Each structure stands twice: as C-alpha cells, then as structure tokens.
Amino acid sequence: MSQSPALPSPNGSPIGARIPMVDSVDKVTGAGKYADDLTLPGTLVGKILHSPHAHAHIRSNDTSESERLAGVYAVVTGRETPVKYGILPIGHDETIFAVNKVLLAGPRGQREMPLAEFYVNDGIIRMAKSRDEIATGIRVPPTSAGWSGTYKKLRIRQSIDYPLAGVAVAMRKDGEGNCLQARVAVNAVNPAPQLVKTAELLKGKPYDPELVEQVAHDAIRTSKPLRTSASTPQYRRQMVRVFFRRALREVWGNGHIAGSAE
Amino acid sequence: MKKELVRLRINGQIREAEVGPNKLLLDVLRQDFGLTGSKRGCDDSSCGACTVLIDGEPQMSCLMLAVSYQEHEITTIEGVAIPGEGGSELDPLQRGFCMEGGAQCGYFTPGMILTAKHLLAKNPEPTDREINEALSGNLCRCTGYTQILSSIRKAIELLREIQPVEVQQG
C-alpha cells in the first residue's frame, strides 16, 4: 500500500491503552483486500444455481444448453460430486451439490421409535432421526394405571431453568409395596437422557436403600457432566446420588420403611 | 447490450468508463475503477455494505444504475481520508473506528463510516439513539455493535477538538 494514512502513535505506555488492530487503517480506508476484491489473471468465475423448490427430487438435470453458452467453461452438478463432504460436524453426509434430492427437511412418511432409542448418547449426533425428518409428537401410553413416579431436577432458579442434573423414576408396585416394574432415568449429565439398566434389579423387591445406592452408583459411574455449566461435575454427580435416594424413597419406599440416614 | 461512455464524479475526480446501461454503480466502482472499498454483502439492499454518498446522502450502490448518476457527486470510502501534504490524513470517523476497535472484520466498515459521515454532517451531536437509528441499515455480521457505537462517539469527541479551530479560520 503506497501512501496509506497512518494513525497518530499513542503517547506513553501502551499498557492499559487501546491498541488499534494492525490492519485497522486498511479497513477504514477501503484499502484492505478481501477475496471478492481480488482480480487475478485468468480467474474462472463460478455461479451457483439454487433449486427453486425445497425438498424436490431430482429426476433429471439437463445441462447441455448451459454448456453451449458462450464463455461457459464447465457445468458441474451432483453427478460430478458424489463424494460426501460436510464442513460442519452436523453435515458430514452432505454432498457439494444436490444428488437425488434437494437437501431440506421434509416428510418421507411416518415412523415411530421408543423414546429411549430416539436420543443418542453422542454430543454431535444427538437424535436417531435422519436429516430429512422432524419429530412431530410424543405418544404417551393411554394408561398409566398402577404406575406412580417422580422427577427430581437440579437447577439454580426455580422456573424456566435447564436441569443441571435430573432423576426420573416410574414404578408399578403390588399391594405389598414390592416393585413389579421400574424405569429409572437420569438426564442432563450425559449427551442424552439415559435409562438406568440396573433398575431391573429392583423387580420383585421391597424398598431397599442398599439397592438404591447400587443403582445410583451405576448411573453416576456412566455419567459425564460437562464442566461448562453453572456447577461442578462433582457436585452434579453427588446430586444425582441424592436424587436417587429421594426419588426412590418417595416412589418405592412410600413411608413403608422409616427414612434412612439421608 | 450496447455500451456507452459514463462520466462519473467520484471523490472529486472525473472518471470515465464504457459500461452497459444496466451496470450497477457498485460494479462500476469495483470492476471499472478498482474502488473495492465499497463491498457487496447481500446484493439486495439489506446490509448496507455497498453504501456510498450521493451528493452527501448515503445510498446503496447495489441498487443504482451507474448511468443515472453522471450529474452527481459520489463519495466512496476511498475518498473519506483528508488529502494533505505528504499523504492523506484519516477522517475523525476513521480514526474513531481504529481507536475503538469498531472496524472488527472490516467488511461492513466502509458503509458504516459513510452513513455515519452523513449523520454527523447533519447532526454533529447525535444521541446514541440517533446514531443507532442512522446505522440501522448497516448490518454487522461480527454482531458487535457496541464498539461501532463507541467508535462514532469517539469521532464526535475528536471533531469537538477540531471544531473551534475551524470556526476561527472560517
């Protein structure tokens, strides 16, 4: 840059002073060159033609007329770019140009899957749905007769707060207070909410604080709370244990057995 | 389409080019005159990156046909610095944007500076609200408008220092 004007240099120490970016003068005078500002000899200019229709299936793509146009060097379509090439982690299955179908969300018929399979324990691909599906609803079983449950949620405020840890318990018991069926889930401490598999152990048993500790331990062992939230992973793991005790005492213990030491 | 000779007065200089009657002012500035300080952001007047001053008024050059502006005074970002002996000197607005970090990535800065230039010419002591309103057509995709606001405030401060001198001379 020949004679680009300079900023007057600051007097005294730079400590505590605002220092202009080294290229700030180029930026405020329009002298800075961005990719679009460069003209190189023999530059080939590309144009992208977008589909006018979302979610359209591509039946055929006849480019012969475009290829005959004066000055057109090449026409490239999805046929020439079959290799998947996603820049973003969510787009690993994207091709450069549309192949078969214009990639936008839309219906491809309906299907159902158990909620436990819908969530995937993967921080990047978090749901077991395809790119062209959206979740339209959750079907709750019509009867919950005989079941009782509770949900304990750790949060900083009382309302509209994301959980920092959560324990959910649903249980069906017989007249004696024995567990017939139990589903226990932890959330907010893994990329996905998870059913605790060892909750199977509760089946057929009366309230047993030791068994509660065992199941809680299993859930905590596999939890990976992130460091980025409002509380430490240690605290959140500890609260999962506390919530297991409280939730299971509430649903399973039901006052049959005097409270343990918690 | 038949090309015709256009004569434009840009930054105080007469410049000529053979252009089609449908050529946009932005493209003439960038392609025919190499004035790439005016940027193409959205191409549909949403972003303000292509703002130039036409007779002192901010206008988006991506919407204007070059041939229609032959009788007008066009100012681009390249014409904002003040020419002087031994090189040009930055305009107070340009200094403000440098000193307060308002240039950020720099792509939308030329349009912002030209819009602010018009604002301060009209209203040397604008309120923050007036500044925000004036700049509402200039987007920033770094999304930091605070430093842009403080850059303009800084420029107002710098202008106040200069002002009394000009009054004595005038």
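**Figure 1. Aromatic pairs in the predicted model.** Searching the whole structure turns up three aromatic pairs over all chains. To make the list, rings of Phe, Tyr and Trp (its six-membered ring) need centres within 6.5 Å; planes under 30 degrees apart are called stacked, over 60 edge-to-face, and the rest tilted. One of the pairs is A:Tyr34 with B:Tyr107: the ring centres sit 5.1 Å apart and the planes meet at 85°, so this one is edge-to-face. A:Tyr34 comes from the loop between helix H1 (24-29) and helix H2 (64-68) of chain A, while B:Tyr107 comes from the loop between helix H2 (92-99) and helix H3 (109-122) of chain B, so the pair joins two chains. Helices here are DSSP runs of H or I with at least four residues, strands are runs of E with at least two, and both are numbered from the N terminus. A:Tyr34 and B:Tyr107 are both buried; that word means under 20% relative accessible area, with exposed being over 50% and partly exposed in between (1.4 Å probe, protein chains only). Together with B:Phe108, A:Tyr34 and B:Tyr107 make up one aromatic cluster.

A word on the ground rules: this is a predicted model, local features need pLDDT of at least 70, side-chain atom pairs count only at pLDDT 80 or more, and totals for chains, interfaces and linings use all residues. Residues are numbered from 1 along each chain as its sequence is written, chains are lettered from A and ligands numbered from 1 in the order in which they are written, and side-chain values use heavy atoms, with hydrogens and water left out.

**Figure 2. A Tyr–Trp pair within chain A.** The rings of A:Tyr207 and A:Trp252 have centres 5.6 Å apart and planes at 90°, so they also count as edge-to-face. This pair ties together distant parts of the chain, 45 residues apart: A:Tyr207 is in the loop between strand E4 (194-195) and H4 of chain A, and A:Trp252 is in helix H5 of chain A.

**Figure 3. A buried serine in a loop of chain A.** A:Ser231 sits in the loop between helix H4 (209-221) and helix H5 (233-253) of chain A. With a relative accessible area of 12%, A:Ser231 is buried. Apart from its neighbours within four places in sequence, A:Ser231 is in contact (heavy atoms within 4.5 Å) with A:Leu164 and A:Arg236.

**Figure 4. Where chain B meets chain A.** On the chain B side, 28 residues are in contact with 19 residues of chain A. The size of an interface is often given as the accessible area lost when the parts come together. Here the buried area (accessible area, 1.4 Å probe, that two parts lose on being put together, summed over both) is about 1,800 Å², and carbon and sulfur atoms give 56% of that. In chain B, the residues that lose the most area to chain A are B:Thr36, B:Leu90 and B:Cys98, together 26% of what that side buries. Nine residue pairs are in polar contact between chain B and chain A (both at pLDDT 80 or more); that takes N or O atoms within 3.5 Å, within protein one able to donate a hydrogen and the other to accept it, and residues adjacent in sequence count only if both atoms are side-chain atoms. H2 and H3 of chain B each supply at least two residues of the side touching chain A, and H2(B) has the largest share, five residues.

**Figure 5. Salt bridges across the interface.** Three salt bridges (a side-chain nitrogen of Lys or Arg within 4 Å of a carboxyl oxygen of Asp or Glu) span chain B and chain A. B:Arg30 bridges to A:Asp37, with the closest N and O atoms 2.8 Å apart. B:Lys39 also forms a salt bridge with A:Asp37, here with 2.3 Å between the closest N and O atoms. B:Lys39 is buried at a relative accessible area of 1%, and A:Asp37 counts as buried at 5%.

**Figure 6. Salt bridges inside each chain.** In chain A, the side chains of A:Lys27 and A:Asp23 meet in a salt bridge (3.3 Å, N to O). A:Lys27 is buried at 13% relative accessibility, whereas A:Asp23 is partly exposed at 31%. In chain B, B:Glu157 pairs with B:Lys154, the closest N and O atoms being 3.5 Å apart. These two, B:Glu157 and B:Lys154, are three residues apart in helix H5 (residues 146-169) of chain B, so about one helical turn separates them.
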